[in-house]
Amino acid sequence: MFERFTKDARAVVMGAVEHAEGAGTGSVDAEHLLLALLEREGSRASFALAALGLAERGDAVREALGEARRRAGLSQADAEALAGLGIDVSEIVARVEEVHGVGAMSGDRKDKGWWSGRRSFGRGAKEILEKALRIAVARRDRHIGDEHILLALTVRPGVPGEVLADHGVTYESVVRVLYGGGEAKAG
C-alpha cells in the first residue's frame with residue numbers, strides 16, 4: 001500500500017512516527033497522524049487546513065489532543081456519556097494524577113525500551129491509513145495523498161475526528177475545499 005503514497009503522505013507517516021517517539025508512546029496512533037498533518041506545508045492537506053482556518057488554530061488542536069490524552073484517550077463525547085451515568089472523568093483524572101503525577105493516564109511509556117528500532121502502528125492509525133486508501137479508490141485517485149489521510153481522520157470516530165469537527169474541519173468541508181463546490185479548490 002505504501003508504494004501508492006505520495007511524498008507528502010509518506011512525510012505525514014514519518015512525522016507521525018516522530019511524534020510517537022517524542023511522546024514516548026508505544027505505538028503510532030491516529031492523533032500522531034493529525035499532529036504530523038498540522039506541521040505540513042505546501043501540500044493539499046495543508047492547503048485545506050489553512051483554507052478552513054485551522055492553520056492559525058493549531059495550538060488549540062494540540063491542546064485538545066493533549067487533554068484527551070490526559071483522559072486516557074477518551075473523547076469529549078465519551079466523557080459526556082460517562083457523566084450521564086454519574087461518572088466524572090475529570091475527577092478521576094485529577095485523583096489519579098494526584099497520586100501518580102500529571103499524565104499518568106496518558107499511556108505514555110517513556111521508561112520502556114524497544115527491542116526493535118521501529119514503532120508499531122496502533123489500531124487507530126492502521127484504520128486511518130486503510131480508510132485513506134478506500135477514500136482514494138472511491139475518488140478514483142491513483143495515489144494516496146495527505147489529503148486522503150485528512151479525509152480519513154474526519155470520518156473515523158474518536159478524538160482526532162472530534163477535535164477536527166470542533167474546529168470546523170469535517171469531511172464535507174474538506175471535500176468542498178479540495179474538490180470544489182463553489183469555493184477555493186486545491187490544485
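## Surface and overall layout

The protein chain has an accessible surface of about 10,200 Å², and carbon and sulfur atoms account for 50% of this surface. Accessible areas are worked out with the Shrake-Rupley method and a 1.4 Å probe, and for residues only the protein chains shown count as cover. This is a predicted model, in which local features need pLDDT of at least 70 and side-chain atom pairs count only at pLDDT 80 or more, while totals for chains, interfaces and linings use all residues. Residues are numbered from 1 along each chain as its sequence is written, and side-chain values use heavy atoms, with hydrogens and water left out.

The protein chain contains 10 helices and 2 strands. Here helices (H or I, at least four residues) and strands (E, at least two) are DSSP runs, numbered from the N terminus. If you follow the sequence, the pattern reads α-β-α-α-α-α-α-β-α-α-α-α. Of the 187 residues in the protein chain, 43% are buried. Buried stands for under 20% relative accessible area, exposed for over 50%, and partly exposed for values in between (1.4 Å probe, protein chains only).

Contacts give another view of the fold. A contact is a pair of heavy atoms within 4.5 Å. Among contacts in the protein chain with a separation of 6 or more, 65% are between residues 24 or more positions apart.

## The nonpolar core

A nonpolar core is a set of buried Ala, Val, Leu, Ile, Met, Phe, Trp, Tyr and Cys residues joined through side-chain atoms within 4.5 Å. The largest one has 43 residues, and I149, L150, L153, V169 and V174 touch the most other members. At least two residues of this core come from each of α1 (7-23), α2 (30-39), α3 (44-51), α4 (58-70), α7 (123-138), α8 (146-155), α9 (159-166) and α10 (171-179). Helix α2 gives the largest share of this core, with 7 residues.

What does V169 touch, leaving aside its neighbours within four places in sequence? The contacts of V169 are L49, L52, L54, L150, T154, L164 and V174.

## A132 in helix α7

A132 has its place in helix α7. With a relative accessible area of 0%, A132 is buried. Apart from its neighbours within four places in sequence, A132 is in contact with I144, H148, I149 and A152. A132 and L153 are 21 residues apart in sequence, and their C-alpha atoms are 8.5 Å apart in space.

## Helix α9 and the residue after

Is α9 mostly covered or mostly open? It is mostly covered, as 6 of its 8 residues are buried. These buried residues are V159, P160, G161, E162, V163 and L164. G168 follows α9 and has a positive phi, near 80°.

## Salt bridges

Side chains of opposite charge can pair when their charged atoms come close. A salt bridge is counted when a side-chain nitrogen of Lys or Arg is within 4 Å of a carboxyl oxygen of Asp or Glu. The whole structure holds 5 salt bridges. One of them joins R40 and D8, with the closest N and O atoms 2.5 Å apart. This pair links distant parts of the chain, since R40 is in the loop between α2 and α3 and D8 is in helix α1, 32 residues away. R40 is partly exposed, with a relative accessible area of 22%, whereas D8 is buried at 18%. Leaving aside its neighbours within four places in sequence, D8 is in contact with R40, G42, S43 and D146.

Another salt bridge brings together R123 and E127 at 3.5 Å, N to O. Both residues lie in helix α7, 4 residues apart, about one turn of the helix. R123 is exposed, with a relative accessible area of 64%, and E127 is partly exposed, at 30%. E127 also meets R156 in a salt bridge, at 2.7 Å from N to O. That pair links distant parts of the chain, with E127 in helix α7 and R156 in the loop between α8 and α9, 29 residues apart. Through shared partners, salt bridges join R123, E127 and R156 into one network.

## A charge over a ring

The charged end of R139 sits over the ring of Y179, 3.5 Å from the ring centre. This label applies if NZ of Lys or CZ of Arg is within 6 Å of the ring centre and within 35 degrees of the ring normal.
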